[in-house]
Amino acid sequence: MTLTETKEAPRTPRTWLREHSELGVCVLLLALGVLVLTDALTMNVDIAQRGPVGPKTVPIAVGIGLLAVAVLLAVDVLRGGRGEAEAGEDIDLSEPADWRTVLLLAGVFLATAVLIEPLGFPLAGALLFWGAAYALGSRHTTRDPLIAAGLSLITFVLFNNLLGVPLPGGPLMEVL
């Protein structure tokens, strides 16, 4: 054997799995797609009262999309495709995590979950949107609450009135 020749290590099943680790994502997507489709197809909904596009439509589309992506990704991986590692140009891995932001966002989500029944979605949603903006660094004291209230009201009207998904209105129910 010369110096230019190299001896390859024998390929074991473990080595093959390590080289095709993206197949784990395929299995996860496949399982999630089957779960979403199973839940969507076993929903008990009277289609006549909802019209042709009912509450099953989006979950079925998402489930089919998950299955399709799982199959296409598996085919790509088995043909030799490899995911590219991110360069992380916008993330400095040497810096510690910003736990203040994480805790503020978690607190905002928990507060929304607690307050949505007594206050209703319009008020709790406004607090959610404003709190998330604040936690992520926005400090516009007049603009942010107004945008949050507008987003919350638009979301409430879209879901409650147009999509037929009842959201708690709270004390504003008589006004809206």
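Biologist: Which helix is V62 found in?

Modeller: V62 sits in helix α4. Bear in mind that this is a predicted model.

Biologist: Why is V62 called partly exposed?

Modeller: Its relative accessibility is 41%. Buried means under 20% and exposed means over 50%, so V62 at 41% falls in between and counts as partly exposed.

Biologist: How far apart are V62 and A40, in sequence and in space?

Modeller: They are 22 residues apart in sequence, and C-alpha to C-alpha they are 9.8 Å apart in space.

Biologist: Which residues make the contact?

Modeller: From α2, they include L23, L30, G33 and A40, and from α4, P59, G63, L67 and L78 are among them.

Biologist: How do the residues of that contact divide into nonpolar, polar and charged?

Modeller: There are 22 nonpolar residues, two polar and no charged.

Biologist: Where in the chain is confidence lowest, and where is it highest?

Modeller: Helix α3 (residues 47-50) is lowest, with a mean pLDDT of 56, while helix α6 (residues 121-135) is highest at 95. The chain averages 85, and 84% of the residues score at least 70.

Definitions and conventions
Residues are numbered from 1 along each chain as its sequence is written. This is a predicted model: local features need pLDDT of at least 70, side-chain atom pairs count only at pLDDT 80 or more; totals for chains, interfaces and linings use all residues. Side-chain values use heavy atoms; hydrogens and water are left out. Contact means heavy atoms within 4.5 Å. Helices (H or I, at least four residues) and strands (E, at least two) are DSSP runs, numbered from the N terminus. Ala, Val, Leu, Ile, Met, Phe, Trp, Tyr, Cys and Pro count as nonpolar, Asp, Glu, Lys and Arg as charged, and the others, Gly among them, as polar. pLDDT is the predictor's confidence in each residue, from 0 to 100. Buried means under 20% relative accessible area, exposed over 50%, partly exposed in between (1.4 Å probe, protein chains only).
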